Amino acid sequence: MNNAIDPAVDPITLEVVCESLIAVVREMRASIIRASYSPVIYEMDDFSCALFNARAEMVAQSNDHPGHVMPMPWSVRCAMEDFENDIHPGDIILLNDSYRGGTHLNDVTLLYPVFAGDRLVMLPAVRSHWADVGGATPGSYSGLSTNIYQEGLRMPPIKLYERGQPNKAVMRLIEANMRLPEDRKGDLNAMLGAVRAAEQRLNKLFGKYGLDTVLECLAINLDRSEARMRSRIRTLPAGTYVYEDYLEYYDEGRFDPVLMRLALTIAGDGVTADFAGSNPQVPGVVNSSLAVVGAGVFVALKSTLDPGGAVNQGAFRPITLKAPEASIVDVRADAPAGAHGEVRKRAVSVMLGCLAQVAPDLVSGDLCGTSFPNSMGGRDARRNRSYVYYEAPAGGNGGFAEADGSSVYVNVDFGNIRSIHNAESLETDMPIVVEKSELRVDSGGAGRMRGGLGLHREIRLAGEEAVYSVLSDRAVIPPYGVGGGASAAPVGVSIRANGQDVPLLTPGKATGVRLRRDAVFILQSAGGGGYGDPLEREASRVAADVSAGYVSEDCARSAYGVALDHEGRVAERGTSNLRAQLTGAIVRLPVVADEFSPYEGIKGRHRVLRMRSATAQRLGVLSNQLVELLGRHPAPLRAWIKIDEGAPADVFPLDAFGRQVLGVAAGDAVRLRGIETPIAPGERRRDPGAHEIGSRIRRPII
Amino acid sequence: MKMVGVDVGGTFTDAVYYDDQSGELAWAKAPSTPRAPAGGVLAAMDRNGVDLATTDRFVHGVTIGTNAILERRGAPVWVITTKGFRDTLEIARTNRTVLYDIKTLKPASLVPRQRIIEVDERVLADGTVLRALDPDAIRQIASRLRAEPPAALAVCFLHSYLNGSHEEAAVTILRAALPKWFICHSAEILPEMREYERFNTAVLNSYIGPLTARYLSELSRLMRSRGYRGAVHLMASSGGIETAERAARFPVHTVLSGPAGGVAAAIHLGGLVGVRNLITYDMGGTSTDVCLIEDLNVPLTSEQFVDGLPVRTPQIEINSVGAGGGSIAWVDTGHILRVGPRSAGAVPGPACYGKGGVEPTVTDANLAIGRLASSLKLAGTVALDESLAEQAVQRIVAVFDSLDVPRAAEGIIRIAVARMVSAIKEISVSKGYDPRDFALVAFGGAGPMHAVFIAEELEIAHVLVPLRPGNFCAFGALISDVRHDHLRTHRAALIDRELEGLEDAFVQIEAAARSAMTEEGLPAGDVSLQRSAGMRYVGQSWDLIVRLPAHSSDSVALAALFHAAHERRYGYRAADPIEIVSLRVTAIGRVAKPKLSEWSITGALAAAQQGSRQVWFAGNRCNVPVYARDRLPRDARIAGPAIIEEMGAVTIVPPDWRVAVGSVGELHLKRGAQ
């Protein structure tokens, strides 16, 4: 057939070439799966492939993990900056630097420059989760690291191959610094196979359609994705919208939330996401790079505003990112950077908080907000080998205008990852027994549309001693609801020994907790935030939730104001009474302008809401309690109560930023709602069994 | 012997009739009757003039179960499961297949939580019992369920694939107490590790059980009333057939059977004409199914999904895309021309059907550039209107300055072809096969019209078009043997000491396999057995199924087989220890089947020509001769461009291609002038 191309590529060739490039990525994926040995890849699909052009723009991907591929252009750019004109046919570049477009150190990236003659035209790339990259703990992550050296071997862009010749010194250095070096070699071989296959396919494509035509198709495709995104952005009202949220940091054992602040400016067909005012970086696992934060911004924008359609760098062009240097959103050496998933998810949270103000029908309640990776390792005496348990149980998704959020379903920034294993596979492969794996009742945020439920999973150690670690967030400050929807339940981890459930000292974070035979660790993933006022949820749907067991009868009464008769049907009278009663109990106070900084903390910053003890008493809140204020905007403003007898009486003092979050002016009344948390700022979890040594919390073996 | 094969599709029911005395093969199509499907089956046979009283065999491809799942019309299912695991179905694997859409919902479980009942029993991963099943607990559940209207039930306990005693004990009590219920348990459907997939497969079985059983008994009743005395066989997803009695017990076996007949038929045809590597391309109105066949072996998998729900029984590995003749072309917000996935379906159908459709479909595009003609009647009933097709394509032209109707129409076809090409790459290139090593077998109503354009993109040099491509699936049902797959979880390291029990285990499975075939009425002499085992390197998560010779427990020989299979599939072999995780026995029961007779038409090629028409190829208008397929003489050779028409299908031979008529009437299309 005739494949000759008009100078201005026709729409059909364009579509065929773009489809072919996605097929190249698909082939790379297949090649990785074929060659890989690691269950992280086999069972969980934790890797991604993409194609980049010579300007470091991502031109094709295929259902790859957004958290991997969206930060990748930064890596490619860094590599090209480092090597400038020193990239040649046969070079292969390796990197995992979290400070330079990387994610966590476990995600290792391979770049393969493809040349046409001496012209660099394309870079196929693979980013793959290596099960271990060295560092303090097996698996290379821990919730309580204080610097990046504890997280593993950091590799800036380096040439693994130079003009076709392998750099054996690099390989030896890698093998010497990682656990199970044989497996790492296998991981690397799988990646090499994929990029080489891509080169072959690309050359055929260039041969068939002509290099210039292919490059022109790519350029047009990027432009079209950009135009599509811009046309969607243009539908939003121009203006600047702000929101703030937190990550959970422990400063020497004391809870010290760190602040993430976003000002999202929509101007014409572009957006600027400015993270000014976000917390300076801290020596804890709550920092990440702007590349990772940008991925969160993009995923939130794309998946609310423009679901479907091609995902490539063109769609990213309308977005400008700004952030303070050496902050939790633009981390610099040598702060830990292992929490890329949590930082990315919090960027999604603040984006949703802003977008809710301009497109409330397109957003959902907050997502479960953490990837919640758990690992346990030990030796299996019966099988005489070491094992590593790894699961990152998905939580709930936020409710949205049309439906309740899905339960135990990975969030939209997490790709097509299977976050847990079948109990039968786990029990077959390692000495554990899954005692329970079920939906977590009442964990979804109440709302006109309910948030999805989290998972309740209990795992008993049936072997000898083992070591457990977890790196989570949203274990204290729960996912928020929008439009009056309520918060979801936060992540919970406890350990049961001798019939007693003991929560972790630092909720959601632990490094190397030692477990003995028959200890049970209980994982509870977070729910999704509610959407809309729970008192407006159809009572029959609440009754159905109670009948299915998603919502308890108590919660139906207290959160939804729905009374049921003894057969589980809605009691109409009781319900309208209850709803009237709950509506009557809502507390509102007027706002006064108070430009004194509302933030306190050790290294972190958390917003305090100052009030007199008499006011607190009247409102039924306690000192240091987390509360949320609900104003005109859909998403709430969180703050901790600070008793201050010098505060003005019976009003909420709020700075300009706080008022902007809520969309209120001085004099407007806002609603206050209390939230229960397991721990308050500055507080160490009181645990009689724990004792401190130096700056680390230790506790006896359970 | 007289036999009839019937395939029920969404729009048409196809029938094939064969009489081995006369060697006559007859074909017919009748509209499907979704409300009374059994009636549609009889109508299709009536159209063929089939006398059921003198018919010996009846084989049937059904989609009743699949449709019930897609439309969520199955029976209410109750699940009895291990304490602590009531939410296994709803939790699923937690992954999200649609990205960048915050409003994506997880596929809904088929069983509401209220109908899931936990029992305090527990078997461990080594098959030992941690907590024994209390029969009284089951009796209590049974008496509770007696108060409910009869429905379906699945008993799903952890590790039942290793120790099924709890499931079996529960089922015995429940079947006695609830005689009108459809009851199954997970290990009898799929005795394999991984509870989510196993439970889900069992639940699907129960979900479509009552409906399938009802349909089959209605069909049997109607057929008996017309004097049919033979067995009723159903096409299964594994590419074999099984009796209606067995299918009524394991209806989940038929869930992905729709396209299976076509694959079986392609393998048969490949064997007859000596082409052993095939890619099937079955394009209908709303979807296209493709399958890669290496060396005439049925490619089996157990990792397919129906509407997001896993089905883990053995199925032919078929890749389906939602693009067919009825797929609609449209322009998206990014000013990009797209085709599908939305389809005009049967109602209103493509614009050219004149039933109210206005959006351009792939069929309209073909009509607008002469590849189809208004003189044709699809399946003999639907007339096509060329001006309506052109008007529809004009809607695309209006958006792009650079296009006219012929270019837009060719563009729509090229984009549809690109999607099929992607689907074929997924089953070939992505799995390490080079499509150039395969012939493309094109069938389904729309397959032969696009086959060469797909072959061009994939550089496939040889396209095969069977006779009556629109009825090829029904024919496939008739030439399939009875097939049963037996599976048992059996873990053993590949060292001689651990292989001692292997032979005994296989012998036991084989005995069960033989007696199941006897129950189906097959003489022992017609039954053959094939052993295979699921094996993997220790540490790997997924196993590879390796065919084994009879009576081999030699660790060195088994290891060699596994290494070779692993290298073939994944491109490398490792030095790691190997383990067996499952034993499988496939039983094949040979049945009488039709023989495609030699193509006997003789005479001049000119006598087969029935005119010519203007057709666009690559932007050029050509005058193209049109031939009647039924009159093409044996060994005829025609250089493209040419069009060959027959009942239900049109084969397009573009310029630079040629076509030859083969020994059983099949068309061989090859690239080049001669």
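Q: Hi! Where is the place of N498(A)?
A: N498(A) is in the loop between two strands of chain A, β20 (492-497) and β21 (500-503). Helices (H or I, at least four residues) and strands (E, at least two) are DSSP runs, numbered from the N terminus.

Q: And how are residues and chains labelled, and what kind of model is this?
A: Residues are numbered from 1 along each chain as its sequence is written, while chains are lettered from A and ligands numbered from 1 in the order in which they are written. This is a predicted model, where local features need pLDDT of at least 70 and side-chain atom pairs count only at pLDDT 80 or more, but totals for chains, interfaces and linings use all residues.

Q: Okay, back to N498(A): is it buried or exposed?
A: N498(A) is exposed, with 8 other C-beta atoms within 10 Å. The cut-offs go like this: a residue is buried if 20 or more other C-beta atoms lie within 10 Å of its own, exposed if 12 or fewer, and partly exposed in between, with C-beta atoms placed from the backbone.

Q: What about the phi of N498(A)?
A: It's positive, about 50 degrees, although N498(A) is not a glycine. D442(A), also not a glycine, has a positive phi as well, near 65 degrees.

Q: Where is D442(A), and is D442(A) buried or exposed?
A: D442(A) lies in the loop between β17 (432-439) and β18 (455-461) of chain A. D442(A) is buried, with 21 other C-beta atoms within 10 Å.

Q: Which peptide bond is cis in chain A?
A: The bond from A333(A) to D334(A) is cis, with omega near -5 degrees. D334(A) belongs to the loop between β14 (319-322) and α10 (340-358) of chain A.

Q: And in chain B, which peptide bond is cis?
A: There, the bond from G640(B) to P641(B) is cis, with omega near 5 degrees. You'll find P641(B) in the loop between β32 (637-639) and β33 (642-646) of chain B.

Q: Let's zoom out. How many helices and strands does chain A have?
A: Chain A has 16 helices and 32 strands. Its radius of gyration is 26 Å, close to the 27 Å that the globule rule gives for 702 residues, so chain A is as compact as a globular protein of that length. That radius is taken over C-alpha atoms, and the rule is 2.2 Å times the number of residues to the power 0.38.

Q: What box do the C-alpha atoms of chain A fill?
A: Roughly 80 × 65 × 50 Å, taken along the principal axes. Buried residues make up 58% of the 702 residues in chain A.

Q: Which domains does the assignment give for chain A?
A: Domain 1 (11-225), domain 2 (369-537) and domain 3 (586-702). The bounds come from an automatic or database domain assignment. The centres of domain 1 and domain 2 of chain A, taken over C-alpha atoms, are 31 Å apart.

Q: How many residues of domain 1 of chain A are in contact with domain 2 of chain A?
A: 16 residues of domain 1 are in contact with 22 residues of domain 2. On the domain 1 side, five are nonpolar, seven polar and four charged. Being in contact takes C-beta atoms, placed from the backbone, within 7 Å. As for classes, Ala, Val, Leu, Ile, Met, Phe, Trp, Tyr, Cys and Pro count as nonpolar, Asp, Glu, Lys and Arg as charged, and the others, Gly among them, as polar.

Q: And how many residues of chain B are in contact with chain A?
A: 55 residues of chain B are in contact with 65 residues of chain A. On the chain B side, α3 (88-91), α7 (195-225) and α12 (405-427) of chain B each give two or more residues. α12(B) gives the most, with seven. By class, that side of chain B has 22 nonpolar, 17 polar and 16 charged residues.

Q: Which residues of helix α13 of chain A are buried?
A: In α13 (residues 553-560) of chain A they are C555(A), A556(A), A559(A) and Y560(A). They cover an arc of only 105 degrees around the axis, which puts them on the same side of α13(A). The arc is that of the directions from the helix axis to the C-beta atoms.

Q: What do the buried residues of α13(A) pack against?
A: They pack against α12 (539-548) of chain A. Just after α13(A), G561(A) takes a positive phi of about 65 degrees.

How values were computed: Two residues are in contact if their C-beta atoms, placed from the backbone, lie within 7 Å.
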